[in-house]
Amino acid sequence: MKNAKVLSLLLLGLSTSVFAQDLDQAKKAIAAEQFDKAKKILKGLVQSNPDNGKNFFYLGDVYLAQNEADSAKMFFQKGLTAKDKGTLNYIGLGQLDLDAKNAAGASANFDKAASGIKKKDVDELLLIAKAYIKSENPNYKKAIETINKALLIDDKNAQAYLLLGDAQYGNNNVNEAYSAYRNAYDADNSLLLAKMNMAKITKNAKAFDVAIKSFDEIVKLNPSFGPVYRELAETYYFWATSEPAKYNEYIQKALANYEKYMSLTDYSIESRMRHADFLILAKDYKALEKEANEMKKLDNVNPRIYRYLGYAAYENGNFAESSKALTEFFAKVEPKRIIARDYLYLGLTKMAEAKKADGTYDEKIFNEGVVELNRAVEKDPVIATELNPIGTKMFKEKLYKNAARLFEVAVKNPKSKNYVYDYFYLGYALYFDYNEKTSPKEQLVKADEAFSKVIEAWPTSQEAYLFKARVNEQMATPESKMAALSSYEQYVKVLEAKDEAEKAKPANKKGLVEALTFVGAHYANSGDKAKAVENLQKLLTVDPANEYATKTLKALKA
């Protein structure tokens with residue numbers, strides 16, 4: 001009997017040890033972003049040991065990391081009934097409350113999770129802090145407060161310092177974050193995430209060469225640690241965009257490192273989606289289309305896959321496919337998941353479809369595209385910076401009406417790097433598109449306002465004054481003629497302050513002839529003989545053979 005009892009206890013101990021080992025393996029898989037592997041381990045644990053609430057919590061947490069809230073909630077709720085550590089699952093439900101902006105519900109669930117913990121136990125506190133950090137609506141201050149409670153209990157806890165780094169970084173306390181990550185690594189130098197996060201801070205400070213050295217050190221310590229290759233890829237990408245001369249070299253290194261990262265994950269849908277997001281950054285749309293089609297074979301329901309197909313098909317010139325994929329995407333996706341770039345691509349796809357064989361546009365479909373572009377810029381004004389090359393191309397093709405519609409969207413972001421040029425092109429397009437017989441006068445008013453915006457931002461741009469004068473001259477009202485006079489005079493003044501090389505440019509000489517002719521004629525007709533003579537003599541200096549100036553000066557001196 002005694003031997004049987006001893007054997008029973010040994011088996012129980014062995015079972016517990018195997019469980020702990022499997023849970024540790026699942027955690028390592030999660031840290032390595034091998035989510036499908038982690039789910040497989042955890043699903044096995046849920047079946048073999050349903051009395052342990054940790055199994056359910058970590059399984060639900062993996063689903064949360066993959067944005068599968070319904071599946072996460074199901075496992076958290078099942079986990080509540082587990083005899084051991086079932087209350088951990090209140091933390092998962094609390095994070096779901098935070099995601100839904102239900103702060104009171106989240107706090108109540110976190111309190112339930114923390115109510116029965118032992119005095120020296122910090123696991124629940126750290127998981128609550130992690131929920132505050134990882135939520136779609138994070139509360140970094142609450143996270144820091146909770147982690148500090150844990151550190152009062154265990155001031156050597158490496159995981160606590162790692163989470164503190166995440167919370168401080170999220171709270172824009174970069175120095176404190178770096179210090180916390182360093183403390184985490186000092187406490188446990190096998191914690192590569194801490195070392196990697198220090199290098200990420202260096203990367204974000206644009207010290208790309210230093211960051212890469214740090215990431216390479218991690219590769220030497222553990223060549224199988226997948227996330228570091230993703231960080232290397234992103235660092236090379238940012239370095240490429242900041243050094244155009246080395247763009248091709250660095251972007252190839254970025255793509256190679258991302259492929260290495262993918263080879264070390266389990267090619268789960270989530271990993272593939274992160275890969276797709278990176279391919280968008282790197283503008284490798286052929287690879288993006290291939291990846292999206294591979295994902296579609298695995299999951300024909302996930303709307304993000306149709307997003308990638310829509311983006312890639314547009315960039316690869318398959319506009320019908322892009323339209324089909326984006327229509328599917330918008331039909332499937334939750335409205336809160338729609339991002340500005342989705343509207344951008346829908347708008348661009350509609351514009352592409354609107355283009356007819358003769359190069360002109362179907363105005364109805366084109367205008368539908370403009371509506372989507374407006375939605376994109378309203379959601380994220382930075383998107384406006386991407387419209388300039390598209391509008392410029394339309395302008396060069398003399399599709400002035402369409403270019404104007406596009407630039408009207410682009411100028412909605414005053415912080416855009418193209419802001420002044422977008423207003424220039426808006427003014428040009430409105431002016432060149434104007435037809436005295438068919439266009440409304442309001443079009444010239446808008447053109448005048450556009451050139452005024454350019455002058456406000458760039459007062460030494462003579463061309464803005466020249467076109468503002470032309471617009472007002474075309475309005476042909478007494479008020480607009482005076483505005484034209486003022487703009488022509490300002491054009492002359494600004495150009496006279498430029499160097500001789502600028503004045504000698506054919507376009508500027510032509511502009512001076514136009515401006516001085518208008519100004520000279522105005523003063524001659526209004527009886528201001530002195531100003532008329534002054535401007536007409538300047539005109540003859542620029543254009544000695546000018547017949548109008550010669551005849552008018554002769555008449556004025558008679």
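## Helices α15 and α16

Helices α15 and α16 pack with their axes 9 Å apart, at an angle of about 160°. In this predicted model, the two helices are therefore roughly antiparallel to each other, since an angle over 145 degrees falls in that class. The crossing of α15 and α16 is left-handed.

On the α15 side, the contact involves I269, R272, M273, H275, A276, L279 and I280. These residues meet Y285, A287, L288, E291, E294, M295 and L298 of α16. Sorted by class, the contact comprises 10 nonpolar residues, 1 polar residue and 3 charged residues.

The loop between α15 (269-282) and α16 (285-298) holds K283. Although K283 is not a glycine, its phi is positive, at about 60°. K283 has a relative accessible area of 54% and is therefore exposed, the threshold for that class being over 50%.

## Helices α11 and α12

For α11 and α12, the axes are 8 Å apart and the packing angle is about 165°. These helices are therefore also described as roughly antiparallel to each other, and α11 passes α12 in a left-handed crossing. From α11, the residues L192, K195, M196, A199, K200, T202 and K203 take part in the contact. Their counterparts in α12 are F208, V210, A211, S214, F215, E217, I218 and L221. The contact of α11 with α12 divides into 9 nonpolar, 2 polar and 4 charged residues.

T202 belongs to helix α11, which spans residues 192-204. Its relative accessibility is 17%, so T202 counts as buried, the limit being under 20%. With residues up to four places away in sequence left out, T202 touches Y178, A207, V210 and A211. Of these, V210 and A211 are listed on the α12 side of the helix contact.

K206 is located in the loop between α11 and α12 (208-221). K206 has a positive phi of about 70° and is not a glycine. With a relative accessible area of 65%, K206 is exposed.

## Helices α26 and α28

The axes of helix α26 (residues 478-496) and helix α28 (residues 506-526) come within 9 Å and cross at roughly 135°. That angle makes α26 oblique to α28. The crossing of α26 and α28 is left-handed. From α26, the contact draws on K481, M482, A484, L485, Y488, E489, Y491, V492 and L495. From α28, the contributing residues are A507, N508, G511, L512, E514, A515, L516, F518, V519, H522 and Y523. By class, the contact of α26 with α28 has 14 nonpolar, 3 polar and 3 charged residues.

## Aromatic pairs and a cluster

Across the whole structure, a search finds 38 aromatic pairs. In one of them, the ring centres of F110 and Y132 are 4.9 Å apart and the ring planes stand at 65°, so the pair is edge-to-face. F110 lies in helix α6 (residues 103-114) and Y132 in helix α7 (residues 123-134), so this pair ties together parts that are 22 residues apart in sequence. Both F110 and Y132 are buried.

The rings of Y488 and F518 also form a pair, with centres 4.9 Å apart and planes at 40°, so this pair is tilted. Y488 in helix α26 and F518 in helix α28 are 30 residues apart, and their pair links distant parts of the chain. Elsewhere, one aromatic cluster is formed by F395, Y400, F407, Y421, F424, Y425, Y428, Y431, F432, F451, W458 and F467.

## Lysine 73

K73 is placed in helix α4, which covers residues 69-79. Its relative accessible area is 41%, and K73 is therefore partly exposed. Apart from neighbours within four places in sequence, K73 is in contact with L93 and L96. K73 and K412 are separated by 339 residues in sequence and, from C-alpha to C-alpha, by 41 Å in space.

Notes:
Residues numbered from 1 in each chain as written. Predicted model: local features only at pLDDT ≥ 70, side-chain atom pairs only at ≥ 80, totals over all residues. Heavy atoms only, no water. Helix = DSSP H or I, 4+ residues; strand = E, 2+ residues; numbered from the N terminus. Buried < 20%, exposed > 50% of the residue type's maximum accessible area, 1.4 Å probe, protein only. Contact = heavy atoms within 4.5 Å. Axes fitted to C-alpha atoms, helices over the stretch in contact; angles between N-to-C directions. Parallel < 35°, antiparallel > 145°, perpendicular 65-115°, else oblique. Left-handed = near helix turned anticlockwise from the far one by under 90°. Nonpolar A, V, L, I, M, F, W, Y, C, P; charged D, E, K, R; others polar. Phe/Tyr/Trp six-rings, centres within 6.5 Å; stacked < 30°, edge-to-face > 60°.
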